[in-house]
Amino acid sequence: MVDAFGHVSARDDKDPNRFLLARSVAPALVTTGDILEFDRNGEPIDARGRGVYLERFIHAAIYRARPDVMAIVHSHSPAVIPFGVTGTILRPIYHMSAFLGSGAPVFEIRDAAGTTNMLIIDNKLGEALAKSLGDRAVVLMRGHGSVAVGDSIQQVVHRAIYTEVNARLQAEAAKLGPINFLTPEEAVKADAQTDSKGSLARPWELWKARVGKIE
């Protein structure tokens, strides 16, 4: 999901004004020794001379704006990209992606800073992104990727994966004819069921097992 350039963070359960994020390294290569602590402004507490992600401000700004968020995934998952550049709203096509609600908003970086390198490299841009996210579970980034948020690592990983799956299914369904999306009311009910602790545990154990088999 995150290829070589995405990243995953978690709010520090001992200090809500800090969060945990790896040093600048491909996510699949992260070990416990790579995890660093960051303050509420996205600055490392002690990087020990190691490089940090340029886009750590995505995480810092959302944690400041959303006390309910405990984990964040930023990814460049390919099926999502077209929905950020075409005006077609990414909406829940089935129950596993019900967290998309009435549709994922799109962050337009030009509105916040004009012509840029497309990266969230400071707190001003991070705050603009957090504003676009609002109270939603996912925000798309035009020409860049997406950000998913959740109340746990398990929930946010589930959301990141099924955002990509929904994007693929929606694009395929659109070739066949008009799509009968989940209504907002259905999305609320389906999300409550799918995001229950029991439902999240099943795929989480599977994904952990798959990662453990990678050599």
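Which residues of strand β6 lie on one side and which on the other, and are they buried or exposed? V138 and L140 sit on one side of β6 (residues 138–141), V139 and M141 sit on the other, and all are buried. Here buried means under 20% relative accessible area, exposed over 50% and partly exposed in between, with a 1.4 Å probe and protein chains only.

This is a predicted model, in which local features need pLDDT of at least 70, side-chain atom pairs count only at pLDDT 80 or more, and totals for chains, interfaces and linings use all residues. Residues are numbered from 1 along each chain as its sequence is written, and side-chain values use heavy atoms, with hydrogens and water left out.

**Strands and their pairing**

- Helices (H or I, at least four residues) and strands (E, at least two) are DSSP runs numbered from the N terminus, and two strands pair if DSSP finds at least two bridges between them.
- β6 pairs in the parallel sense with strand β5 (residues 106–107) over 2 bridges, and V106 has L140 as its bridge partner in β6.
- β6 and β7 run antiparallel and are joined by 4 bridges, with M141 opposite G145 in β7.
- The hairpin of β6 and β7 has 3 residues between the strands, and G143 takes a positive phi there, near 65 degrees.
- Strand β7 (residues 145–150) also pairs with β4, in the antiparallel sense over 5 bridges; V147 in β7 stands opposite H74.
- On β4 there is antiparallel pairing with strand β1 (residues 7–11) too, over 4 bridges, and A10 stands opposite A71 in β4.
- Strand β4 (residues 71–75) has 5 of its 5 residues buried: A71, V73 and S75 point one way, I72 and H74 the other.

**Nonpolar cores**

- A nonpolar core is a set of buried Ala, Val, Leu, Ile, Met, Phe, Trp, Tyr and Cys residues joined through side-chain atoms within 4.5 Å.
- The largest one has 29 residues, and I62, I120, L129 and V147 have the most contacts inside it.
- β2, β3 (35–38), α1 (56–65), α4 (123–133), β6 and β7 each supply at least two residues of this core, with α1 giving the most, 6 residues.
- V147 touches residues including I58, I62, I72, L129, V139 and M141, not counting residues up to four places away in sequence; a contact means heavy atoms within 4.5 Å.
- A second, separate core of 23 residues includes A71, V80, L90 and L100.

**Pockets**

- On a 1 Å grid over the protein atoms alone, a pocket is an open set of points where a 1.4 Å probe fits, with protein on both sides within 12 Å along at least five of seven lines; lining residues have an atom within 4 Å of a point.
- Grid points are joined across faces, edges and corners, and a volume is the space filled by probe spheres set on the points.
- The largest pocket holds about 1,100 Å³ of space; 30 residues line it, and V8, P27, V157, W204 and V211 are the closest to its centre.
- α7 gives the most to the lining of the largest pocket, 5 residues, while β1, β2 (19–22), α5 (153–176) and α7 (197–212) each supply at least two.
- The second largest pocket holds about 330 Å³ and is lined by 21 residues, with A98, F99, G101, A137 and D191 nearest its centre.
- Helix α6 (residues 184–194) provides the largest share of the lining of the second largest pocket, 5 residues.
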